[in-house]
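Biologist: Please take one part of this model and go through it closely, strand by strand where that helps. Then set that part against the rest of the chain.

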Amino acid sequence: MTAQCIPIQPVSATPAAPKFPLDQWYMAGFSTDVVDKPVGRTFLEQRVVMFRTADGQVAALEDRCCHRSLPLSCGTVEEKGVRCGYHGMLYAPNGQCLEIPGQERVPSKAKVRAYHIAEKNHILWIWMPREAGGAPTCEAPDYPWHNDPRYTFGTGAYHYKAPWQLIHDNLLDLSHLGYVHLQTIGGDARLHMNAGMQVTQDGDTVKVVRQMPGSRPPPTYKAAWPFGDTCDRWQEIEFALSHLRIWTGAIEPGTDSIDDPQRGGFHMRGLHGITPETEDTCHYFWSMSSTRHPDKPDNSQAVIQQTAFTFDEDRLVIEEQYRNIRQFGGKPEWIDIHVDAGGNRARRVVQRLLAASA
Ligand code: FES
Ligand SMILES: [Fe+2]
């Protein structure tokens, strides 16, 4: 048996009313997470084991042997599938048992539930269906920036002791940069709080655009790009149910237009895959892709390090926020301020998709 077992967590088999939107792709991790060992993770209160077969395909099954319920993530990966670490039953990527050691006949009902999984742009996506075994009704999201030669990217992951929507709120409201992230991407808090903000919606996608011309370049930008005393910053945040894409950066004043998608300067493209684990916990998979300046060829390393530092700061805030919410007996009637427009729209999208999943 390997040391891949995951801690026991309460799991409800098929909840009467869904707690999370279903018939959706969610981020399950990065390609590099699943190599030669089974990986057990809980998505939407369903325990799943992921593994990679000899042909390079990633598969996902219910993390429970149909014999005596040992998690399959405690087993080993073989050429054709995953072998249970208790009595050695071997499971194919479609969940069917292929072999029972010492027994000739394999009953057809010796099988476990399989999930559809897609691997694209170095990302693993899992389809969480309304009905067990339901097939995807759309393609997994595209994320071309991981394959774009103009960018270099690095990745990271958190297990959060907080519900997923608190992270949506945080990422759709970047006004907090001037208070939370002064050591990396912050800057002048007043400028952040007063930046003009446009919030738009296209179907289930919410977009927030903020611009801050005449900003003082924050430490991460200085480390990555030879800015002078000021720069013109943009922040473009796109929320979709499974992930947020945050395109931020800055140009030197008097060069390109800040509105031009082809603008030069320093670019950071953040991927934020937020996948519920339970009602109180979630997975947060992130990547940061950034452009390189010819005079600072090693800037990507600094950007990744500072991004990780920045996200550590967010985690402290959000987990402390949730701890306090619970201490005060649950979510109260919050008051809204001007920075909440994007986050509130995203909450309405989640609510609508949840209702559609019932
Ligand atoms: S528990 Fe898996 S083979 Fe017995
Ligand atoms: Fe933040």
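Modeller: The UniProt annotation "domain: Rieske", from an unreviewed entry, covers residues 25–126. The model is a predicted one.

Between strand 6 (residues 82–83) and strand 7 (residues 90–91) the antiparallel pairing runs over two bridges. There, valine 82 stands opposite tyrosine 91 in strand 7.

Two backbone positions deserve a look. Most residues other than glycine have a negative phi. Aspartate 23 has a positive phi of about 55° although it is not a glycine. Aspartate 23 sits in the segment before strand 1 (24–30) and is partly exposed, with 18 other C-beta atoms within 10 Å. Glutamate 45 is not a glycine either, and its phi is positive at about 65°. Its place is the loop between strand 2 (39–43) and strand 3 (46–52). Glutamate 45 counts as buried, because it has 20 C-beta neighbours inside 10 Å, and the cut-off for a buried residue is 20 or more.

The domain assignment of the protein chain gives domain 1 as 32–118 and domain 2 as 144–356. The C-alpha centres of these two domains lie 36 Å apart. Contact between them involves five residues of domain 1 and five residues of domain 2. On the domain 1 side, the touching residues are two nonpolar, one polar and two charged by class.

Seven strands form it, with antiparallel pairing and the order 12-18-17-16-15-14-13. Strand 12 (151–160) and strand 13 (196–202) are the edge strands, and since each has a single partner strand, one side of each is left without a neighbour in the sheet. On average, neighbouring strands of this sheet are turned by 15° against each other, direction ignored.

Aspartate 202 has threonine 205 of strand 14 as its bridge partner, and glycine 196 stands opposite glutamine 211 in strand 14. The two strands form a hairpin with two residues between them, and glycine 203 in the turn has a positive phi of about 60°. Strand 13 is hardly covered: of its seven residues, the count that are buried is zero.

Helix 1 (residues 164–172) touches strand 12, strand 14, strand 15 (231–239), strand 16 (243–251), strand 17 (266–276) and strand 18 (282–291), and its direction makes about 160° with that of strand 17. Helix 5 (residues 299–327) touches strand 12, strand 17 and strand 18, and its direction makes about 25° with that of strand 12. Helix 1 is mostly covered, with seven of its nine residues buried. The buried residues of helix 1 include Trp164, Leu166, Ile167 and His168.

Eleven of the eleven residues of strand 17 are buried, so strand 17 is largely enclosed by the rest of the structure. In a regular strand the side chains alternate between the two faces of the sheet. Both faces of strand 17 are covered: Phe266, Met268, Gly270, His272, Ile274 and Pro276 are buried on one side, and His267, Arg269, Leu271, Gly273 and Thr275 on the other.

Strand 17 also has a partner on either hand. With strand 16 the pairing is antiparallel over eight bridges, and arginine 245 has leucine 271 in strand 17 as its bridge partner. With strand 18 the pairing is antiparallel over nine bridges, and isoleucine 274 has tyrosine 284 in strand 18 as its bridge partner. Strand 17 and strand 18 form a hairpin with five residues between them.

Conventions. Residues are numbered from 1 along each chain as its sequence is written. Chains are lettered from A and ligands numbered from 1 in the order in which they are written. This is a predicted model: local features need pLDDT of at least 70, side-chain atom pairs count only at pLDDT 80 or more; totals for chains, interfaces and linings use all residues. Two strands pair if DSSP finds at least two bridges between them. Helices (H or I, at least four residues) and strands (E, at least two) are DSSP runs, numbered from the N terminus. UniProt positions are given in the numbering used here, feature names are shortened, and annotations may be inferred rather than shown by experiment. Domain bounds come from an automatic or database domain assignment. Two residues are in contact if their C-beta atoms, placed from the backbone, lie within 7 Å. Ala, Val, Leu, Ile, Met, Phe, Trp, Tyr, Cys and Pro count as nonpolar, Asp, Glu, Lys and Arg as charged, and the others, Gly among them, as polar. A residue is buried if 20 or more other C-beta atoms lie within 10 Å of its own, exposed if 12 or fewer, and partly exposed in between; C-beta atoms are placed from the backbone. Axes are lines fitted to C-alpha atoms, for helices over the stretch in contact, and angles run from 0 to 180 degrees between N-to-C directions.
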